[in-house]
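Welcome! Let us take a walk through this structure together, beginning with the whole chain and then turning to a few of its parts.

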Amino acid sequence: MLVGANVIWHAFSGTDETRTALDPTSGWHLVVLSFATSLDALAVGLSLAMIGAPIVRSASVVGLMATALTLLGMALGRRVNVFWGRRVEVFGGIILIAIASKILWDHLKA
């Protein structure tokens, strides 16, 4: 939920000039983004190891899909940003909050 709220906050904070000055694809921003993305890969790796999945095939499939979807996301992100800009960021933040709320609700129900 905090990540979604942060995304919405950043969508409304600053001007377009200050927003483009902060490049998340270089330096420490990229390192932090890479680390955060790799945390879910760690969970997947642990899960695959626990069920005894073949490591080379599993890692190859996961790596190829991650690469393909990252490239697709980057290409779509550039196009979507031109047309919808901040509205898409707000929508993404709302989606993250909704997913977190559903997970929280499911865990509290049990």
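Helices and strands here are DSSP runs, numbered from the N terminus: a helix is a run of H or I with at least four residues, and a strand is a run of E with at least two. By that rule, the chain has five helices and zero strands. Followed along the sequence, the pattern reads α-α-α-α-α.

A word on the model before we go on: it is predicted, so local features need pLDDT of at least 70 and side-chain atom pairs count only at pLDDT 80 or more, while totals for chains, interfaces and linings use all residues. Residues are numbered from 1 along each chain as its sequence is written, and side-chain values use heavy atoms, with hydrogens and water left out.

How much of the chain is buried? A residue is buried when its relative accessible area is under 20%, exposed when over 50%, and partly exposed in between (1.4 Å probe, protein chains only). Buried residues account for 7% of the 110 residues. Contact means heavy atoms within 4.5 Å. Of the contacts between residues at least 6 apart in sequence, 76% join residues at least 24 apart.

Now look at helix 4, which covers residues 55-84. Its 30 residues reach 41 Å from first C-alpha to last, close to the 44 Å expected at 1.5 Å a residue; the expected span is 1.5 Å times one less than the number of residues. S58 belongs to this helix and, at 14% relative accessibility, counts as buried. Leaving aside residues up to four places away in sequence, S58 touches L48 and A53. Just after helix 4 comes G85, with a positive phi of about 50°.

Next is helix 5, residues 86-109. Helix 5 has 24 residues and spans 34 Å, close to the 34 Å expected. Its buried residues are V90, G93 and A100, and helix 1 (2-12) is included in what covers them.

How do helix 4 and helix 5 meet? Their axes come within 7 Å and cross at roughly 115°. Axes are lines fitted to C-alpha atoms, for helices over the stretch in contact, and angles run from 0 to 180 degrees between N-to-C directions. Angles under 35 degrees count as roughly parallel, over 145 as roughly antiparallel, 65 to 115 as roughly perpendicular and the rest as oblique. The two helices are therefore roughly perpendicular to each other. V80, F83 and W84 of helix 4 make the contact with R86, R87 and V88 of helix 5.
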